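Me: I'm new to this one and I'd like to know what the labels rest on. Could you show it to me and let me ask away?

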Amino acid sequence: MAATTLMAGGSITAVDYRCNRGPHDAPYPEQHDSFLVAYVRRGSFGYRCRGHAHDLVAGAVLLGRPGDEYLCTHDHVCGDECLVFSFAADVAETIAGAAFWETGCVPPAASAMAFGELAQAAATDAAIGLDEAGLMFASRCAGVATDRPPRRIGISARDRHRMVEMALWLDEQAHEPISLETAAGTADLSPFHFLRLFSAALGVTPHQYLLRVRLRRAARLLAGSNHSVTDIAFDSGFADLSNFIRTFHRAAGMSPRRFRQTARGTRKIFQEQYGARLLG
């Protein structure tokens, strides 16, 4: 495990974690020492905490609270990368109540992923406040968790493994047009059975996950490149520019152009949405 501290403060800390553990590495118990949100940028891993099991893929978010013991497993693939924000108790209380921090995992969600990519851009661009980006990201995750539907249960370990592999396949193929039938055929399943298993394993449907992969890529390009909005839309897998703009605005709460301005250091947008009390 390689950990690079990007920001260390009294209230908010940001760390880049890169893990190369795989299926042959035995998990071991660990304990959270703070409230945290971890944005999964790449790879996959299992998270076992408080009697619940979660499988996280790119775009998902791990949640933790001080004192909780947990296990991270790597039964499906080797390696993962996460951007982790840790918060002092008083800051965590301003973000969300106790129920949010006990959730354990937020499945890939469009609005959360957009601001996860914004936070990632903040990690490499001094023009953006990393603490501000972390607060915005955590707040978005709290909003998503509030509206999260109950997770389906009753899926075998073998099928869970297959669905994680399919999520990785969708990541690789997101720039291409992919139908439910195509994805199901790749998994050698009927569309209905594939839909049921994927939703049970990862908490989102295949279409939702594919759309969010595309939005995550678009947010990354908007934050870190000079490509036109049109080129970004098509490069990310959207076949129609107007649909991309509507979908992105619905997910991020702002247009792609305004999101790019935010990623380049428009502090006023953060202050308008979160106020001086959170941003200090």
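Me: What makes Asp 188 count as buried, partly exposed or exposed?

Reply: Its relative accessibility. Buried means under 20% relative accessible area, exposed means over 50%, and partly exposed is in between, using a 1.4 Å probe and protein chains only. Asp 188 comes out at 68%, so it counts as exposed. A word on the source: this is a predicted model, where local features need pLDDT of at least 70, side-chain atom pairs count only at pLDDT 80 or more, and totals for chains, interfaces and linings use all residues. Residues are numbered from 1 along each chain as its sequence is written, and side-chain values use heavy atoms, with hydrogens and water left out.

Me: Where is Asp 188 found?

Reply: In the loop between helix H6 (180-186) and helix H7 (191-202). Helices are DSSP runs of H or I with at least four residues, strands are runs of E with at least two, and both are numbered from the N terminus.

Me: What is the phi of Asp 188?

Reply: About 60°, a positive value, although Asp 188 is not a glycine. Most residues other than glycine have a negative phi. Arg 50 also has a positive phi, of about 55°, and is not a glycine either. That residue sits in the loop between S4 and strand S5 (52-57).

Me: Why is Arg 50 called partly exposed?

Reply: Its relative accessibility is 29%, so Arg 50 counts as partly exposed. Gly 67 gets that label too, because its value is 44%. You'll find Gly 67 in the loop between strand S6 (61-64) and S7.

Me: How do you know what Gly 67 is in contact with?

Reply: Contact means heavy atoms within 4.5 Å. Leaving aside neighbours within four places in sequence, Gly 67 is in contact with Gln 31 and His 32. As for Glu 30, 37 residues apart from Gly 67 along the chain, their C-alpha atoms are separated by 9.6 Å.

Me: How do you know how much space lies in the largest pocket?

Reply: Rolling a probe the size of a water molecule over the atoms shows where empty space is left. A pocket is found on a 1 Å grid over the protein atoms alone: an open set of points where a 1.4 Å probe fits, with protein on both sides within 12 Å along at least five of seven lines. The volume is the space filled by probe spheres set on the points. For the largest pocket that gives about 620 Å³. There are 26 lining residues, and Met 1, Tyr 17, Glu 30, Tyr 70 and Cys 72 are the closest to its centre. A lining residue has an atom within 4 Å of a point. Among the elements giving two or more residues to the lining are strand S2 (12-19) and strand S8 (80-87).

Me: What makes residues of that lining nonpolar, polar or charged?

Reply: Ala, Val, Leu, Ile, Met, Phe, Trp, Tyr, Cys and Pro count as nonpolar, Asp, Glu, Lys and Arg as charged, and the others, Gly among them, as polar. The lining divides into 16 nonpolar, six polar and four charged.

Me: Why is H4 described as largely enclosed by the rest of the structure?

Reply: Because 13 of its 17 residues are buried. Helix H4 (residues 130-146) reaches 24 Å from its first C-alpha to its last, close to the 24 Å expected. The expected span is 1.5 Å times one less than the number of residues.

Me: Why does Asp 171 count as buried?

Reply: Its relative accessibility is 10%, so Asp 171 counts as buried. This residue lies in helix H5 (residues 157-173). Elements covering the buried residues of H5 include S4, S5 and helix H8 (206-224).

Me: What makes the pair Asp 171 and Arg 216 a polar contact?

Reply: A polar contact is a pair of N or O atoms within 3.5 Å; within protein, one must be able to donate a hydrogen and the other to accept it, and residues adjacent in sequence count only if both atoms are side-chain atoms. The side chains of Asp 171 and Arg 216 are joined by one of 2.6 Å.

Me: Why is Phe 238 called buried?

Reply: With a relative accessible area of 5%, Phe 238 is buried. Phe 238 lies in the loop between helix H9 (229-235) and H10, and one of the residues touching Phe 238 is Thr 247. Thr 247 is found in H10 and, at 6% relative accessibility, counts as buried.
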